[in-house]
Amino acid sequence: MQTLIIAEKPELGRAIAKAIDGPDREVRGVISKKNVTITWAYGHLLRLCEPDEYDIKYKKWRKEDLPICFDNWKLVPDGNKKDRVIQIMELMEHCDQIIHAGDPDDEGQFLIDEILEYAQNTKPVKRVYINDNTPANIKKAFHNLIDNDESLIAVGRSAYARAVADYVVGINYSRLYSLALRRQGMSVGRVQSPTLGLIVTRDEQIANHVKQKYYEWHTQGVCQDQKIAFIFKPKSDLLDDGKHVLHKEILEDIAKKYDSQEQYSMKVDEKEIVTRPPLPFNLAKLQAHMNSKYGFDLSKTDKITQTLRDKYQAITYNRSDSQYLKEEHFQEANKVLPHVMNKLKKEYPVDYTIHSECFNDKYVTAHHAIIPTLSNFNIDALTEDERKVYEEICNYYIMQFLPPIKKRQVSADVKLAEGVLHAVSTFILDEGYKQYFQPAKDEEEQGEEDSGKFDLPKGKYKVALQNHEFVEKETNPAKHYTQATLIKDMTSIAKYVKNKEIKDILKKKDKGKKGENGSIGTSATRSQIVETLLKRGYVEKKGKNILSTSLGRDFYHLLPEEIKTPDLTAKWWVIQEDIKEGKADVKTLVDSVLEAFRPHLQENLQSLKVSGEVPIDDQRESVGTCPICGNKVVENSKGFGCVNYRNGCRFAIWKDDRFLQSIHKVPTKAMVEKLLKDKYCLVKLTENEEDVIKILQLGIHNGRAVYRLLDYKK
């Protein structure tokens, strides 16, 4: 029996070939074994057709053509990938069965299924799930093949439905608001717009924050010659804003009641606090960590992990949304960790009997946490930044086999009629993993802030109070987003949703995914979303912070509610689940988009305005400087235009300009360069009028290029 294995990427295909016994040879992206042929895609080989590929009229953006949607969205080979699609289809003709080796998620299922569907495949198909590209784990995965049956195909169909619906949202809302604002490139997206909303809302909260003074009562207790620093915790009815006491007189009046000459009843408790190491990384946590510690952009970390996985097989599946591992990983740790520590040339007192909470089969879905592998790659071949990412992944895995931090915490409480005087004193018993690794601040052990050192056995005591102090403080606004904090909030955006039903759906969507809790986007797309917001000029980077621009704020506020909130993700998920179960289809999801969109076509959007400029990101060669706005002029199929057209600059030298046509001239690159530099150039009017040479002078009228001819005597 001849078997064809179709992997998602070249690196996985080659890793599969290495795991299969016997010699092989690779020719044009195909590896042949005795009874096995291995080939691969390069990500998605197919794309959804553009609207103008259905009808040329959609090339021009017009409101009367909206909404744009088709009963059957066609998939066609993407760009120069057509030859690869044909090649895979030919291989399918000569095999008896196919093994689907897409990545172990919805998108990976869809990516190979779409090739099989495009080829109208009728051969039997098996499915393999590969999380780890090392030979041993690939062999293990191939011993657990399952049928690529309708239940799995439905998972891929759900991903296809989401892709179509996202496309319909992007095409229709982006065109509608670009036309209304008379600005090209005003993009809208199901994940992009709510993410922009997080940043806009945070920035406006900070801008509108009014500092509020509040007060705390600190007092000192004396018991058995020990001084105890108490902080007063008032009852809720004393809190003016629900959180703070805003009037010092309230605290002063309370303090006066408690004479320094009297003894008050004090209860002392103690407890042991055990802080275990932070879990291994999923992609979002790793991206946030690398941004906080090293300032890496989200996309940079994403690309590096792809290299570590594909080129070196140094780590397991990199776009994981899980921070948990299987029990088999625990069993294999005594082989993996010595290998890793040898690579790093470091030694840690790991204890293989420590069973970290990360080893839990029931929390592992399609993916598990990102950990190092047994790959025997050359670590010296890594770049400095690649090594940083690799080492952090290794460190967070090594930590699972180091002891926890242990502390003894002593607390003292004096109950008053108006609240409680509270004090805490903490003693470190064992520094545990912190002797070797320093986690990020938000991953450190959480607990009450130490109010000072005192140590009394558990029990009841009498305490005297003295030295009352009333400390003035100010409320602080929230902090601006960094890429690290933004991606964390994208994984838990449900906490900002007020509608309980939507909040519950978002959380249900992520049930079992311990690294996600009511999220938008995926591990594979979040960094791209942030990059798009930056590229569109909706947000900007200032140091480590990521801030909304005036353009981003204005645009966000004029968008309809269904687009700028996470609600769409929640509603789509419900339909996608129905698609997986055969209760709905692609049309069900797309119709829900159109139903929400159509009413906006009846709205009067002509008064909408936004401030700020769309950023210019054009890498084409300059042929000169725009005489209107000073940006560069570049060549395109219709002429030579200013790259600042999205911000309203109308300057262009058209190749079909009527005046130029009247003198039988089509502007060339050299001619335009001369016109832009000197505002004139010499032209010969016709080939038959040899000595009739005149000056073509460039002028500007209402922001557009105009011309006139001046006599020139040779």
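Student: Leaving aside its neighbours within four places in sequence, which residues is Leu486 in contact with?

Tutor: Keep in mind that this is a predicted model. Leu486 belongs to the largest nonpolar core, where it is among the residues that touch the most other members. Once neighbours within four places in sequence are set aside, the contacts of Leu486 are Thr195, Leu198, Ile199, Tyr481, Val530 and Ile546.

Student: How many residues are in the second, separate core?

Tutor: Look for Leu325, Cys358, Ile393 and Met399, which are included in this second core.

Student: Is the crossing of α6 and α19 left-handed or right-handed?

Tutor: On the α6 side, the contact involves residues including Arg157, Tyr160, Val164, Val168 and Leu176. On the α19 side, Val586, Leu589, Val593 and Phe597 are among the residues taking part. As α6 passes α19, the crossing is right-handed.

Student: Which are the edge strands of the open sheet of 4 strands?

Tutor: The strand order is β18-β19-β20-β21, with antiparallel pairing. Neighbouring strands are turned by 25° against each other on average, direction ignored. An edge strand pairs on one side only, which here gives β18 (622-625) and β21 (652-654).

Student: Which helix packs on that sheet?

Tutor: The helix covers residues 669-678 and touches β18, β19, β20 (639-642) and β21. Its direction makes about 20° with that of β18, and its name is α21.

Student: In the hairpin of β16 and β17, which residue takes a positive phi?

Tutor: β16 (residues 539-542) and β17 (residues 545-548) run antiparallel, with 4 bridges joining them. Lys542 stands opposite Asn545. The hairpin has 2 residues between the strands, and the one with a positive phi, near 65°, is Gly543.

Student: Why is β4 described as largely enclosed by the rest of the structure?

Tutor: Check both faces of β4: Val36, Ile38 and Trp40 are buried on one side, and Thr37 and Thr39 are buried on the other. In a regular strand the side chains alternate between the two faces of the sheet. β4 (residues 36-40) is largely enclosed because its buried count is 5 of the 5 residues.

Student: Which residue of β4 is the bridge partner of Thr3?

Tutor: β1 (residues 3-7) runs parallel to β4, and 5 bridges join the two. The partner of Thr3 in β4 is Val36.

Student: How many residues does the hairpin use to join β3 to β4?

Tutor: β3 (residues 30-32) runs antiparallel to β4, with 2 bridges joining them. Ser32 stands opposite Thr37. The number of residues through which the hairpin joins β3 to β4 is 3.

Conventions: Residues are numbered from 1 along each chain as its sequence is written. This is a predicted model: local features need pLDDT of at least 70, side-chain atom pairs count only at pLDDT 80 or more; totals for chains, interfaces and linings use all residues. Side-chain values use heavy atoms; hydrogens and water are left out. A nonpolar core is a set of buried Ala, Val, Leu, Ile, Met, Phe, Trp, Tyr and Cys residues joined through side-chain atoms within 4.5 Å. Buried means under 20% relative accessible area, exposed over 50%, partly exposed in between (1.4 Å probe, protein chains only). Contact means heavy atoms within 4.5 Å. Two strands pair if DSSP finds at least two bridges between them. Axes are lines fitted to C-alpha atoms, for helices over the stretch in contact, and angles run from 0 to 180 degrees between N-to-C directions. A crossing is left-handed if the near helix is turned anticlockwise from the far one by less than a right angle, and right-handed if clockwise.
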